[in-house]
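Here is a short briefing on a two-chain model. Please look over the sequence and the coordinates, then read the points below.

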Amino acid sequence: MYMDLGSKINALDNVLNAIVNLDLDSISILCRNAVELGIGIQDIVNTVARAMEVVGRKYEEGEYFLSELIVAGECVKECFKVLDPLFRESSVFIGRAVVGTVEGDLHDIGKNLFIMFLRSMGFEVIDLGVDVPPQKFVEAIKQYSPDIVGMSALLTTTIVNMKEVIKALEEVGLRDRVKIIVGGAAVTKEFAKEIGADAGGVDAYEGALICKKWIEERKLLEGF
Amino acid sequence: MDLNHRERFLRTFEFRSVDRVPNYEFGYWNETIDRWHREGLPIEVKTSNDIEQYLGLEGIESLEFLPIAIGIWPNPPSISLKKENDREMVADGLGGIFVKKVSTSTIPQYIRYPIRNRDDWKRLKPFFNPETPGRIPLNWNDIVEKYRDRNYPVGVFVGSLYGWLRNLMGVEKISIAFYRELDWIEEMMDTIVNLVTTILRIVLRDVKVDFAWFWEDMAYSKGPLLSPKLFEKHMVPRYKKITEILHEHGVNIVVVDCDGNIDALVPGWLDAGVNCMFPLEARYVDPYKLRERFGRRVLLMGGVDKRALISGPEAIDRELERLTPLLEEGGYIPTVDHRVPPDVSYQNYLYYIKKKKLWLEKHHP
């Protein structure tokens, strides 16, 4: 099923195909193979990101569903397990994000998917978990200086707490230092705008793409 | 035409004429009931069932189901491990530990699921044994007698092939297991099928049941949690083992309770003989499209957009008007499309119930 394991070009294609085809049994071997052939960690991470773009497209086109997103995410986890020791030696993250489900809400599937896509796109993600009070977001932003803050909530009764987090950030003067994205079944684009977030009302994949675009735009601006 | 509740229920789902369609509602969140107590609902009216009785509704909470235990049995007691502010940590008695909010109704967040591997499953499998005493009450003969000449519908709960396992394993674990340990998933689903079919064979001999009820909750806003391909390959044939027995005993209304966007699952359910979709969350499901696509093969229950009840009288009027052609066509029992959320005022709800009663009397097949 997989092409010549001795070739560098094929090795990356193999990693890509294993993720896209949800081959949980082979991904670790193929990822290790790429490392052993001396392929740079950045190239492997880029390949993982490309693979997740294909998975994301298949999801949007109705070929893949939540179960497939989760399995693809598991493939990425397996791959990153192999890459983990190398991550420590080189800084390959394109940006940093702090993500959590807001206070009063215990749902985490959407948040976990968003994190999976962010990680696959090369973000370092600090996962604050669920039921996160505004103060914890504030402390995490002070501690980790992220580029992006992601907030998730499922319930109409809890999405209002996203506004509380933004208010808390404004009060301590941190709001303008981060981009804020909000998500969850009850979150619409209008709601995101209304509470002062930079984006929202999109699914996990689209949300991660927006975050990537923000980083790319910032890098472009820094280049001038 | 003067029909009793049972006749009304059956004839509605047979697309035959009725004096009116049964007046059912799904139920209410605890926070909704708390709010309504502050807005005029008598304090002694405490549960969804109480509200149905108080407002003169006929179901769903107060619909009768055979008093048998299809599911984990015996039900181990849960133990509170720790309470801190608004959070409570609970051992579920099956090996799982979850955290829940004390003040609000929300899905418990498992920090350790009861089934994490095959050994956990081996430990839990005996709880699905159909032979365990107590699944069928000792006074079964009295129950059979009670249901012999009745004027109201009786249902039988027939479990869940995905929803139960998802609750025991978590959506991530079950999704991965479908790809990595399919034989295990199949064994667990077969165990459930064996439990349900064994009990059905016994009880349906004695009682003529009007409907069966699956619970799955396997979809969300974007679509199914499990891909339709896996659903159709691994679940549909197993549903059929259950529905074959139901059909043999004349149970032709088979409901599946599944929130979210179910469009991609409906063909599989219909193929499996599961023909009544509930609760048709209006944000994600268009009942007219289902009827157009599947004709009278599909029965419908629910579909009243809860957001109309949040908005107020004008929106409620428009929502009932939207559903009038469907109501008049038959094969449809309207209810709010989920439990009524606390954003709905008691006043709006009373308006809805009053209008709905008149609407049901005026428009029917």
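A:Phe117 touches A:Met52, A:Gly56, A:Ala204, A:Tyr205 and A:Ala208, leaving aside residues up to four places away in sequence. The model is a predicted one. A:Phe117 is also among the members of the largest nonpolar core that touch the most other members.

**Nonpolar core**

- The largest nonpolar core has 167 residues.
- A:Val15, A:Ile19, A:Val48, A:Phe117, A:Leu118, B:Val255 and B:Met277 touch the most other members of this core.
- Domain 1 (8-89) and domain 2 (95-223) of chain A each give this core at least three residues.

**Domains of chain A**

- Chain A is divided into domain 1 (8-89) and domain 2 (95-223).
- The C-alpha centres of these two domains of chain A are 25 Å apart.
- Their contact takes 10 residues from domain 1 of chain A and 8 residues from domain 2 of chain A.
- On the domain 1 side, α3 (41-60) and α4 (66-89) of chain A each supply at least two residues.
- α3(A) gives the largest share of that side, 7 residues.
- The domain 1 side that touches domain 2 of chain A divides into 7 nonpolar, 2 polar and 1 charged residues.

**Sheet of chain A**

- 5 strands of chain A form an open sheet with parallel pairing, in the order β2-β1-β3-β4-β5.
- β2 (123-127) and β5 (199-200) of chain A stand at the edges with a single partner strand each, so one side of each has no neighbour in the sheet.
- Strand β4 (residues 179-183) of chain A pairs with β5(A) in the parallel sense over 2 bridges.
- Within this pairing, A:Ile181 stands opposite A:Ala199 in β5(A).
- Helix α5 (residues 109-120) of chain A packs on the sheet and touches β1 (95-101), β2, β3 (148-152) and β4 of chain A.
- The direction of α5(A) makes about 155° with that of β2(A).

**Sheet of chain B**

- 7 strands of chain B form an open sheet in the order β3-β8-β9-β12-β13-β14-β15, and the pairing is parallel.
- The edges are β3 (64-65) and β15 (332-336) of chain B; each has a single partner strand, so one side of each is left without a neighbour in the sheet.
- Strand β8 (residues 154-157) and strand β9 (residues 211-215) of chain B run parallel and are joined by 3 bridges.
- B:Phe157 has B:Trp213 in β9(B) as its bridge partner.
- Helix α13 (residues 313-329) of chain B lies across β14 (299-304) and β15 of chain B, at about 155° to β15(B).

**Contact between the chains**

- The contact takes 25 residues from chain B and 22 residues from chain A.
- On the chain B side, β6 (97-101), α7 (171-180) and β11 (223-224) of chain B each supply at least two residues.
- α7(B) gives the largest share of that side, 7 residues.
- The residues of the chain B side divide into 13 nonpolar, 7 polar and 5 charged.

**Backbone points to check**

- A cis peptide bond joins B:Gly59 and B:Ile60, with omega about 15°. B:Ile60 lies in strand β2 (residues 59-60) of chain B.
- Another cis peptide bond joins B:Trp73 and B:Pro74, with omega about -5°. B:Pro74 sits in the loop between β3 and β4 (79-84) of chain B.
- A:Leu22 is not a glycine, yet its phi is positive, near 60°. It lies in the loop between α1 (8-20) and α2 (27-36) of chain A.
- A:Leu22 counts as buried because it has 20 C-beta neighbours inside 10 Å.
- B:Asn85 also has a positive phi, about 50°, although it is not a glycine. It is found in the loop between β4 and β5 (87-91) of chain B.
- B:Asn85 counts as exposed because it has 8 C-beta neighbours inside 10 Å.

**Prolines in one loop of chain B**

- B:Pro126 is found in the loop between α4 (118-124) and α5 (140-146) of chain B. B:Pro126 is exposed, with 9 other C-beta atoms within 10 Å.
- B:Pro126 and B:Trp73 are 53 residues apart in sequence, and their C-alpha atoms are 8.5 Å apart in space.
- B:Pro133 lies in the loop between α4 and α5 of chain B. B:Pro133 is exposed, with 8 other C-beta atoms within 10 Å.
- B:Pro133 and B:Tyr147 are 14 residues apart in sequence and 22 Å apart in space, C-alpha to C-alpha.

Technical notes: Residues are numbered from 1 along each chain as its sequence is written. Chains are lettered from A and ligands numbered from 1 in the order in which they are written. This is a predicted model: local features need pLDDT of at least 70, side-chain atom pairs count only at pLDDT 80 or more; totals for chains, interfaces and linings use all residues. Two residues are in contact if their C-beta atoms, placed from the backbone, lie within 7 Å. Helices (H or I, at least four residues) and strands (E, at least two) are DSSP runs, numbered from the N terminus. Ala, Val, Leu, Ile, Met, Phe, Trp, Tyr, Cys and Pro count as nonpolar, Asp, Glu, Lys and Arg as charged, and the others, Gly among them, as polar. Domain bounds come from an automatic or database domain assignment. Two strands pair if DSSP finds at least two bridges between them. Axes are lines fitted to C-alpha atoms, for helices over the stretch in contact, and angles run from 0 to 180 degrees between N-to-C directions. A nonpolar core is a set of buried Ala, Val, Leu, Ile, Met, Phe, Trp, Tyr and Cys residues joined through C-beta atoms within 7 Å. A residue is buried if 20 or more other C-beta atoms lie within 10 Å of its own, exposed if 12 or fewer, and partly exposed in between; C-beta atoms are placed from the backbone.
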